[in-house]
Amino acid sequence: MKTCSESDILFVITREDVQYEAKEKLGRELTEDEIEIAKKGLECGLLTDIDSVYDAIFEEIHTE
């Protein structure tokens with residue numbers, strides 16, 4: 001089993017990930033201004049409902 005540090009990153013969305021999704025959904029890459037909009041949207045969206053995400057994770061762990 002791999003040992004982990006308290007500061008290990010558990011999840012990352014990269015610029016490459018966002019550009020891939022943009023190409024899939026919009027058929028093109030995003031501009032720098034659009035990347036900033038996407039970044040703000042990701043931060044807001046992911047932080048708004050993080051408790052629901054944690055609840056789902058811990059519910060799954062609890063039922064195993």
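Reply: A residue counts as buried when its relative accessible area is under 20%, as exposed when it is over 50%, and as partly exposed in between, using a 1.4 Å probe and protein chains only. Lys 40 has a relative accessible area of 57%, so Lys 40 is exposed. This is a predicted model, in which local features need pLDDT of at least 70 and side-chain atom pairs count only at pLDDT 80 or more, while totals for chains, interfaces and linings use all residues. Residues are numbered from 1 along each chain as its sequence is written, and side-chain values use heavy atoms, with hydrogens and water left out.

The part to look at is the packing of helix H1 (residues 15-26) against helix H2 (residues 32-48). Helices here are DSSP runs of H or I with at least four residues, strands are runs of E with at least two, and both are numbered from the N terminus. Two packed helices are described by the angle between their axes and by the distance between the axes. For H1 and H2 the angle is about 105° and the axes are 11 Å apart. That makes H1 roughly perpendicular to H2 (65 to 115 degrees; under 35 is roughly parallel, over 145 roughly antiparallel, and the rest oblique). The axes are lines fitted to C-alpha atoms, for helices over the stretch in contact, and the angles run from 0 to 180 degrees between N-to-C directions.

On the H1 side, Arg 15, Val 18 and Gln 19 meet Glu 32, Ile 35, Ala 38 and Leu 42 of H2, where contact means heavy atoms within 4.5 Å. The residues of this contact divide into 4 nonpolar, 1 polar and 2 charged (nonpolar: Ala, Val, Leu, Ile, Met, Phe, Trp, Tyr, Cys and Pro; charged: Asp, Glu, Lys and Arg; polar: the others, Gly among them).

Gln 19, in helix H1, counts as buried because its relative accessibility is 10%. Leaving out residues up to four places away in sequence, Gln 19 touches Glu 29, Leu 30 and Ile 35. Glu 16 also lies in helix H1, but at 63% relative accessibility Glu 16 counts as exposed.

Now the context. The chain has 3 helices and 0 strands, running α-α-α from the N terminus on. Its radius of gyration is 16 Å, well over the 11 Å that the globule rule gives for 64 residues, so the chain is more spread out than a compact globule. The radius is taken over C-alpha atoms, and the rule is 2.2 Å times the number of residues to the power 0.38. The C-alpha trace spans about 40 × 25 × 20 Å along its principal axes. Of the 64 residues, 8% count as buried. His 62, in helix H3 (residues 50-62), is exposed, with a relative accessible area of 65%.
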